[in-house]
Amino acid sequence: MELTLNRDAMRVELSGIRRFTYLVRDTPGACALTIGEPDMNTPDIIKEAAKASLDANDTHYPPGNGYPYALEAISRYEANAHGLKYGPEEILLTVGATQALFITLQTLCNPGDEVIIPTPAFGLYEALVQLCGAEPVFLPTEHNRFQIDPDQLRAALTERTKAVILTSPNNPTGCIYTKETLDAVHEILKDRPVFVICDDVYRTLVYEGEYHSFAEYQDMRDRIVVVNSFSKPYAMTGWRLGWCMADAPIRDRLQVFHQYCVTSVPSFVQRACVTALDSDTTPMAETFRHRRDYVYGRLTDIGLNVQKPEGAFYMFIPIAQYGMDSLTFCERMLREGLVGLIPGIYFNTEGYMRLSYCYGDQDLKEGLDRIQRFLSGLAVCA
């Protein structure tokens, strides 16, 4: 008797980012600059709100989509902070942005559909698309300063295109899509039956210029799903809390996958969500701005032609000049230099490596010192 498993589950590999991070952690004496997790703890005021809910015995089944007070708070926050008008009935509380993305793609995609993913991109998107039985279509941007090339987007569209995923600020580049880029994408998609998934989880961590989300193009409201998270701006990664917003008919279908997938997010954390939304994230953003400036200065002093990130907390560093693929390069740097960064291949872009500056000042200094010593022993290819 031959046993078979789901074909889509069989074609998806475990996360290369996590696999390489475990390799770094298992290397004695290594300095890790790998994971995008704020090194700060969740603010006490947010933790106290969760404790108060526990003390009030808020430990029973909540409404599947979230308590009305939490959905109303998110609705007010998005309207006031970002100008996005979604009613509580158009919002879902989710188990992090990951679950929000998963239920969105499950709701939108049929087997054989295509989802366009501008690269470099977080590997999660490819995996989730494949788990839906759909096909990822990669749209390279590294040749265009990580902005989407309109002509290449047009060329990537087919009759099977179901959605485009836009992440701004971007992981792993820290790039923010310009208004010119977003206008061009809107012009191309506005009359097409294509959804746009806005992964806006880093939008509070913006350091340069004017920020715009594609969600602002409300003439396409019926084809936009907005995903956000408490993890990054409030140092709440372990809480696993996020939300998604969509036009009511789409949200009504999203809730089906949501409720059969997880039933609901835990009841006693929802007061903490509201408290978080009322918190000032400026000090954290300023900390990351300081770290970005330090890391960028060090890397350019070393001689690396890195693009300065405008948001998030990553630096995408070009290494093609050393004549190695990114996995080989990062493995050698870990083994010989005892410092770990994530190979660009795990973001579907060769010739780069990602540095996370979520780490403390001393860790960043030590890691950059080690990178500099390692690079000093390498020859640059002509």
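Mentor: Residues are numbered from 1 along each chain as its sequence is written. In this predicted model, local features need pLDDT of at least 70, side-chain atom pairs count only at pLDDT 80 or more, and totals for chains, interfaces and linings use all residues, while side-chain values rest on heavy atoms, without hydrogens and water.

Trainee: Why is Val 95 called partly exposed?

Mentor: Buried means under 20% relative accessible area, exposed over 50%, and partly exposed in between (1.4 Å probe, protein chains only). Val 95 has 27% relative accessibility, so Val 95 counts as partly exposed. The residue is placed in the loop between strand 2 (91–94) and helix 5; helices (H or I, at least four residues) and strands (E, at least two) are DSSP runs, numbered from the N terminus.

Trainee: What is Val 95 in contact with, leaving aside its neighbours within four places in sequence?

Mentor: Contact means heavy atoms within 4.5 Å. Val 95 is in contact with Arg 240, Leu 241, Val 262 and Val 265. The C-alpha atoms of Val 95 and Leu 241 are separated by 4.8 Å, although the two residues are 146 residues apart along the chain.

Trainee: Why is the pair of Phe 146 and Phe 316 called edge-to-face?

Mentor: Rings of Phe, Tyr and Trp (its six-membered ring) pair if their centres lie within 6.5 Å; planes under 30 degrees apart count as stacked, over 60 as edge-to-face and the rest as tilted. The centres of Phe 146 and Phe 316 are 6.2 Å apart and their planes stand at 65°, so the pair is edge-to-face. Phe 146 lies in the loop between strand 4 (135–140) and helix 7 (150–156), and Phe 316 in strand 9 (residues 314–318), 170 residues apart. Both Phe 146 and Phe 316 are buried.

Trainee: What makes the pair of Tyr 67 and Tyr 69 stacked?

Mentor: Tyr 67 and Tyr 69 are 5.4 Å centre to centre, with 15° between the planes. Tyr 67 has a relative accessible area of 17%, and is therefore buried. A search of the whole structure finds 16 aromatic pairs.

Trainee: How do you know that Arg 271 lies over the face of Tyr 69?

Mentor: A charge sits over a ring if NZ of Lys or CZ of Arg is within 6 Å of the ring centre and within 35 degrees of the ring normal. Arg 271 is at 3.7 Å from the ring centre of Tyr 69. Likewise, the charged end of Arg 221 sits over the ring of Tyr 86, 4.4 Å from its centre.
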